[in-house]
Structures are given as C-alpha cells and as structure tokens.
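Trainee: Could you walk me through this one? I would like to know what stands behind each term.
Mentor: Gladly; here is what we will look at.

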Amino acid sequence: MTPTTEQITTWFDTFNRDYFADSLPRPRLSLGHSRTRLGSMSCKRRRTLLGWNTTGFAIRLSTYYDCTERELQTVLLHEMIHLYIAWKGIRDDAPHGRVFLRMMNELNTRHGWNITVSTSMRGRQTTVPRNDNRPRLVLALENSRGECFLSVVNPRHAVKLKAQLGRAIDVKPRAWFVSTDPFFADFTTVRSLRARRVTRTIFEEKIAGGKAIAV
C-alpha cells in the first residue's frame, strides 16, 4: 500500500497514546522513496547555556517498496522508539543499543508487533515503475575526500544551485547532465543542495550515460 501523510499521522497519534503515554511530540511526518531505508528519524541538537537542546524532529517512511499496512506501521514504531530516546535525552550505548532493544522487545512481546533492528529489502516488489525513463536534470558532485554524490535538480532552480555551489567549501560540481536512466526514478527532485551518496562506479557510469549540459 501507499499511505498518505494523514494516515501515518493517525497511526502516530494512536501509537503515541497506546504505547508511549502521549509523551512524544508529533514530529514532521513525511513520505519518500528511499531504496536503502524503509524509515528514518532525524533531529537537530545544539548546545545552550542550559545543556543540549534537541529540536526539529522528523520521521520519514519510504514508499519505494510495496509494503503492507502492518509492515509500514512496524517501521513507524521502530522510528518512534528512536524519537522517544532522543526526546527524553536517554543515553544508549549504540544506535540500536540496550535501551532501544529493551523497548523493541517490550512492544513485540506485550503488544504482538514484529519490530526488528533492520529489514532486508532484497526481493521486495517496488512501487516505482522500472520503465520510468523521463528526462531528468542531474548534478554530479564530489568532495575533497573523494566521495561521490548525485542529485536530480528542478531545472527552474539550477542557476540558483550553481551559485550556491560557488560558495560551497567542501563540494565541487563534476558535471551537469540530462539522463533518462530509470535509476533516477526514485530520486527526490530538489531545489536546494541535497544529494545522494553513490559509489564511484555508479557515479562514473551515470555521468558517462547522460547528455552533458551547461547550466
């Protein structure tokens, strides 16, 4: 199924009430098309005179794979555990450390869920058409450590992004090109400097397969 943000908001509020005693703030809830993670929880931490302040909580679920409602709810609960630990300022010994595992096992044992530390996406059917070969404007970037990044850019914002790149400290454009490769079908079309890290092999392959363009 492909949920809406309204649905995942309803799930969040129900789980917050039933399992977290309504103690969690509602984060920014959104949907994406990540191929590597079914869910993610992010936040911002900054030091103040009174200690660390954590804000900007966000949970994102991927709709790239065709998951059941129960599977997506399980992913949401996984991220809500991360949210709880971050919101309460609890120190765990690893990203999926003892505190996380204790909470995960309690939800599984007492409430019949099947939350796991990680989920294999191998063999799963996708919701994104594999023959999606619309032309896309792609920006290829490298940093000083030799890491490679690809980004699908909204053409209306290409000039603005080019100007921002001129002020960037540790990232430089390698190429701008147009590609009809279905590889880019699940990329978010960006208006700001955001990109997905890829291997050097994929990086060079996609540049070579695209049509160079001047921005």
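Mentor: Helices (H or I, at least four residues) and strands (E, at least two) are DSSP runs, numbered from the N terminus. Read along the sequence, these elements follow the pattern α-β-β-β-α-α-β-β-α-β-β-β-α-β, with 5 helices and 9 strands. This is a predicted model, where local features need pLDDT of at least 70, side-chain atom pairs count only at pLDDT 80 or more, and totals for chains, interfaces and linings use all residues. Residues are numbered from 1 along each chain as its sequence is written, and side-chain values use heavy atoms, leaving out hydrogens and water.

Trainee: Why are Phe203, Lys206 and Ile207 of α5 called buried?
Mentor: Buried means under 20% relative accessible area, exposed over 50%, partly exposed in between (1.4 Å probe, protein chains only). In helix α5, residues 200-209, these three count as buried. Across the protein, buried residues make up 40% of the 215 residues.

Trainee: How do you know which side of α5 they are on?
Mentor: They cover an arc of only 100° around the axis, so they lie on the same side of α5; the arc is that of the directions from the helix axis to the C-beta atoms. On the other side, Thr201, Ala208 and Gly209 are exposed.

Trainee: What do the buried residues of α5 pack against?
Mentor: Their partners are β4 (136-143), β5 (148-153), β6 (171-179) and β8 (196-198), where contact means heavy atoms within 4.5 Å. Among contacts in the protein between residues at least 6 apart in sequence, 69% join residues at least 24 apart.
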